[in-house]
Amino acid sequence: MENMSIYSNPLAERYSSKEMLHIFSPEFKFRTWRKLWINLAEAEKELGLDFITDEQIEELKKYKDDVDFEVAAKFEKKLRHDVMAHVHTYGEQAKNARKIIHLGATSAYVGDNTDLIQIKEGLLVVKRRMLTLIEKMRDFALEYKDLPTLGFTHFQAAQLTTVGKRATLWLHSLLLDFEELEFRLEHLRFRGVKGTTGTQASFKELFEGDFEKVKQLDELVTEKAGFSKKQGVSGQTYDRKVDAQILNLLSNIAQSSHKFTNDFRLLQHLKELEEPFEKNQIGSSAMAYKRNPMRSERISSLAKYVISSSQTGALVFATQWFERTLDDSASKRLSIPQAFLAVDAILIIWLNIMDGVVVYPKVIEANIQKELPFMATENIIMESVKKGMDRQEVHEIIRELSMEETKEIKLNGNPNRLIDRIIKDGRLGLKAEDMEGILVSANYTGFAGQQTEDFVKNEIDPILDRYKDEIVEDREELRV
């Protein structure tokens with residue numbers, strides 16, 4: 001039984017996946033520190049530091065995953081320095097290698113490089129979930145590409161679109177976010193080995209002034225860590241602009257998800273779409289009939305948190321002094337992991353919605369028919385002009401009859417009978433047979449179906465094909 005008397009982070013307890021939680025866990029962090037110390041020792045030996053032995057490196061490897069957290073906590077309490085606490089803890093285990101652990105490095109070597117590794121791993125999880133979501137949204141768009149639905153501007157009924165075409169708007173936002181994610185992954189730069197103020201002075205001493213060797217060291221350590229690019233220059237830390245960029249990316253994903261849930265919640269109110277609702281799920285403690293869109297609401301709630309967190313990266317970057325200040329530390333420990341955890345949760349919930357989304361075509365068509373007679377009036381004007389009438393006179397007659405019908409609908413709640421009113425009025429000389437097909441909703445969707453197919457073919461399928469080996473069936477279970 002967990003301790004119920006202390007605060008627990010809901011992102012860990014309720015929302016995020018074990019996979020993302022592990023990436024930002026102490027175990028992942030401190031094991032990565034040890035990998036970085038091994039990489040550094042190996043690279044230093046490969047580049048000519050012969051006093052580093054193979055036996056020492058093998059000893060470091062032997063204990064790379066065996067972090068004694070209790071011993072580390074004792075050292076940190078004594079030393080008040082987390083990196084040196086773990087240097088001493090590692091040295092207690094790998095006694096023969098103790099003297100070469102962290103050689104030439106500053107704390108930012110393990111701290112900042114690990115942050116970048118965590119960011120990279122977090123982005124890869126987000127990328128995989130986004131690919132799966134993009135595929136599901138694609139399939140949904142194509143399935144409903146020809147199903148007419150009311151379009152809305154200002155949430156007022158406008159020209160018709162289709163359910164699938166509307167889904168491409170959500171998908172397009174995801175596409176923009178995914179392209180940004182690709183860019184951030186491609187251009188994410190490792191800090192590498194730069195020394196205490198970025199001048200590599202300690203490594204100049206180790207390699208007796210050989211700048212080319214120190215450059216090779218930087219490149220070799222970067223390569224061993226799995227990065228293709230490194231930061232060319234730095235102060236003590238990697239450029240905190242990176243944190244601002246990553247948080248902005250996560251914010252953009254959150255914005256897209258929030259936009260989707262806004263639309264979805266409105267459509268659920270109209271009873272046109274519905275998110276999954278489990279057999280024993282309760283919508284309201286008082287109103288037993290309710291089917292609240294709780295998944296969409298949870299996404300929008302988490303999205304607001306991520307969007308607001310994005311300001312943290314900007315504030316930290318803007319207020320860094322010279323080669324470094326430590327007023328970023330507490331902020332980074334909160335903002336970066338928690339933004340990743342929240343976006344992870346958002347994508348898991350969104351995938352869950354798309355796995356079980358329900359479409360109600362008959363309700364959609366009924367809602368269309370409430371408005372379609374008004375939208376059909378332009379076609380009626382054209383038909384009347386073909387019969388020889390003056391366009392402006394026809395427009396005025398239809399305007400007058402439309403106002404009368406609108407009043408009748410609003411005052412008495414009647415269905416829309418504008419077409420019957422026009423026929424009965426007689427001034428346009430139109431009969432019932434002239435109006436056949438005038439209220440067929442499929443005639444008012446323009447190129448929505450073709451646009452959907454074209455968009456998927458030209459912009460979505462190439463991405464899914466490029467990453468087909470990375471797309472997996474993502475069924476992370478909702479925990480609440």
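A: D434 touches K387 and G429, leaving aside residues up to four places away in sequence, where contact means heavy atoms within 4.5 Å. This is a predicted model, in which local features need pLDDT of at least 70 and side-chain atom pairs count only at pLDDT 80 or more, while totals for chains, interfaces and linings use all residues. Residues are numbered from 1 along each chain as its sequence is written, and side-chain values use heavy atoms, with hydrogens and water left out.

D434 lies in the loop between α17 and α18 (448-466); helices (H or I, at least four residues) and strands (E, at least two) are DSSP runs, numbered from the N terminus. At 26% relative accessibility D434 counts as partly exposed, on a scale where buried means under 20% relative accessible area, exposed over 50%, and partly exposed in between (1.4 Å probe, protein chains only). The C-alpha atoms of D434 and E383 are separated by 8.5 Å, although the two residues are 51 residues apart along the chain.

The helix α16 (residues 391-412) deserves a look of its own. Its 22 residues, at 1.5 Å a residue, should span 32 Å, and its end C-alpha atoms are 31 Å apart, which agrees; the expected span is 1.5 Å times one less than the number of residues. At the start of α16, a side-chain oxygen of D390 reaches to within 2.8 Å of the backbone nitrogen of Q392. This falls under the definition of a polar contact, a pair of N or O atoms within 3.5 Å, for which, within protein, one must be able to donate a hydrogen and the other to accept it, and residues adjacent in sequence count only if both atoms are side-chain atoms. After α16 comes G413, whose phi is positive, near 70°.

Within α16, the residues V394, I397, I398, L401, S402 and E405 are buried. Seen down the axis of α16, these buried residues fall within an arc of 135°, so they line one face of the helix; the arc is that of the directions from the helix axis to the C-beta atoms. An α-helix has 3.6 residues a turn, so residues three or four places apart point the same way. What covers the buried residues of α16 includes α14 (361-375), α15 (377-386) and α17 (418-425), whereas on the other side of α16 Q392, K407, K410 and L411 are exposed.

Charged pairs can be followed elsewhere in the model. Side chains of opposite charge can pair when their charged atoms come close. The structure holds 32 salt bridges, each being a side-chain nitrogen of Lys or Arg within 4 Å of a carboxyl oxygen of Asp or Glu. One of them joins R240 to D328, with the closest N and O atoms 2.6 Å apart. R240 lies in the loop between α10 (211-224) and α11 (241-269) and D328 in the loop between α12 (294-318) and α13 (329-356), so the pair ties together parts that are 88 residues apart in sequence. R240 counts as buried at 4% relative accessibility, and D328 counts as buried at 0%. In the salt bridge between K45 and D54 the closest N and O atoms are 3.9 Å apart; here K45 is partly exposed, with a relative accessible area of 24%, and D54 is partly exposed as well, at 48%. E19, R128, R129 and D344 are linked in a network of salt bridges.

H102, in the loop between α6 (82-93) and α7 (107-143), has a phi near 70°, a positive value in a residue other than glycine, and H102 is buried, with a relative accessible area of 12%. E208, in the loop between α9 (201-206) and α10, has a positive phi of about 50° although it is not a glycine, but E208 counts as exposed at 75% relative accessibility.

Finally, T89 is found in helix α6 and counts as buried at 1% relative accessibility. A polar atom of the T89 side chain lies 3.5 Å from the backbone nitrogen of A72, and T89 touches R34, D68, V71, A72 and F75, not counting residues up to four places away in sequence.
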